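Please examine the sequence and the structure shown here. The briefing after them is grouped by topic.

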Amino acid sequence: MKEKLQLIKSEALSAIAADNADLEQIRIKYLGKKGELTAVLRGMGALSPEERPIVGQIANEVRAQIEEAIAERSALLKQLELEKKLAEEKIDVTMPAAEMKVGMLHPLTKVQRTIEEIFIGMGFSIAEGPEVELDYYNFQALNIPENHPARDTQDTFYITDNILLRSQTSPVQVRTMEKQKPPIRVISPGRVYRSDAVDATHSPLFHQVEGLVVDKGVTMGDLKGMLETFAKTLFGENTRLRFRPHHFPFTEPSAEVDVSCFVCGGEGCRVCKNEGWIEILGAGMVHPFVLSNCGIDPEEYSGFAFGMGVERIAMKYYGIDDMRHLYENDVRFLEQF
Ligand code: PHE
């Protein structure tokens with residue numbers, strides 16, 4: 001029996017030490033209820049009373065040795081497995097990082113900021129005014145009295161008889177001249193609203209940049225020079241300007257201003273609709289009534305003003321053929337700028 005126990009022990013220990021040892025199977029085979037060691041212990045009844053404790057002790061030692069060997073081997077295997085896992089999952093810090101999507105400026109914001117920078121470079125500062133405006137600032141102070149036909153061209157969102165969503169940035173001219181005495185050199189970018197139906201070239205909300213210069217001895221020549229610098233900086237050195245006589249109640253004389261097409265240079269193409277010219281803004285010398293409405297003496301001071309549509313310029317600049325793209329916030333469109 002003792003030999004049998006020694007045999008079980010050496011078999012079990014070599015099974016435990018083998019590669020790919022299945023420790024749980026080994027435990028069941030030798031130590032389990034129907035295991036080999038248990039079988040030996042069961043047979044102990046056949047032994048003499050003197051032998052029984054001796055064999056019992058050996059059996060217990062064998063059991064203890066097998067258990068210990070299993071425990072050690074099991075700990076070792078776990079350790080090896082952990083090391084393997086750590087080696088496999090090691091982070092390679094030299095690997096390129098996963099690409100992260102960064103946001104970008106909206107094309108309208110980009111164009112507006114470009115316009116701002118050009119004028120800031122010419123000594124302008126930025127003025128702001130409310131989008132919910134009084135009739136007085138949007139119309140009356142700009143020499144557009146009640147029932148004046150010029151109101152009809154700006155289908156306006158009224159909030160009360162007296163309060164409206166501004167239909168142009170020109171009211172900021174008045175607000176600026178009320179609080180600031182000449183010399184004045186400001187631009188005022190912002191949203192304006194007109195009750196227009198949405199189509200490829202119209203939106204009830206759009207953006208303008210207003211400009212205003214008031215000082216002693218300001219002339220139409222100054223207006224032309226500044227707008228020329230602006231247009232050449234934005235559209236390229238070869239850009240030419242064309243002033244067409246026009247009427248705005250708050251400027252006199254007034255003009256609509258075109259730039260030579262920056263795509264074809266004036267030959268005629270799809271962008272300028274074969275005209276060679278692209279209209280970009282309205283401008284003129286500040287009307288004496290407007291100056292005196294703001295407490296500035298038109299005998300002493302003169303000024304010019306201009307207003308341009310940001311959408312129009314952005315669309316021409318980037319070759320966008322439908323204004324609705326600018327508001328639909330389709331990332332596939334916006335990503336291109
Ligand atoms: N406010 C005018 C418009 O919206 C543009 C303009 C501004 C014209 C300043 C002259 C001077 O059409």
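This is a predicted model: local features need pLDDT of at least 70, side-chain atom pairs count only at pLDDT 80 or more; totals for chains, interfaces and linings use all residues.

Residues are numbered from 1 along each chain as its sequence is written, and side-chain values use heavy atoms, with hydrogens and water left out.

**Domains**
- The protein chain is assigned domain 1 (2-88) and domain 2 (107-334), with bounds that come from an automatic or database domain assignment.
- Between the C-alpha centres of domain 1 and domain 2 there are 94 Å.

**Ligand site**
- The ligand is surrounded by 14 residues, and the closest include Gln168, Ser170 and Arg194; a residue counts here if one of its heavy atoms lies within 4 Å of the ligand.
- A side-chain N or O atom of Gln168 is 2.8 Å from a nitrogen atom of the ligand.
- For Arg194, a side-chain N or O atom is 3.0 Å from an oxygen atom of the ligand.
- The protein buries 90% of the 320 Å² that the ligand exposes when taken alone (Shrake-Rupley method, 1.4 Å probe).
- Strand S9 gives the most to the shell around the ligand, with 3 residues; strands are DSSP runs (E, at least two residues), numbered from the N terminus.

**Val186**
- Val186 belongs to strand S4 (residues 184-193).
- Val186 is buried because its relative accessible area is 6%, where buried means under 20% (1.4 Å probe, protein chains only).
- Among the residues that Val186 touches are Phe124, Thr176 and Leu212; contact means heavy atoms within 4.5 Å.

Note on methods: Helices (H or I, at least four residues) and strands (E, at least two) are DSSP runs, numbered from the N terminus. Buried means under 20% relative accessible area, exposed over 50%, partly exposed in between (1.4 Å probe, protein chains only). A polar contact is a pair of N or O atoms within 3.5 Å; within protein, one must be able to donate a hydrogen and the other to accept it, and residues adjacent in sequence count only if both atoms are side-chain atoms. Lists of a residue's contacts leave out its neighbours within four places in sequence.
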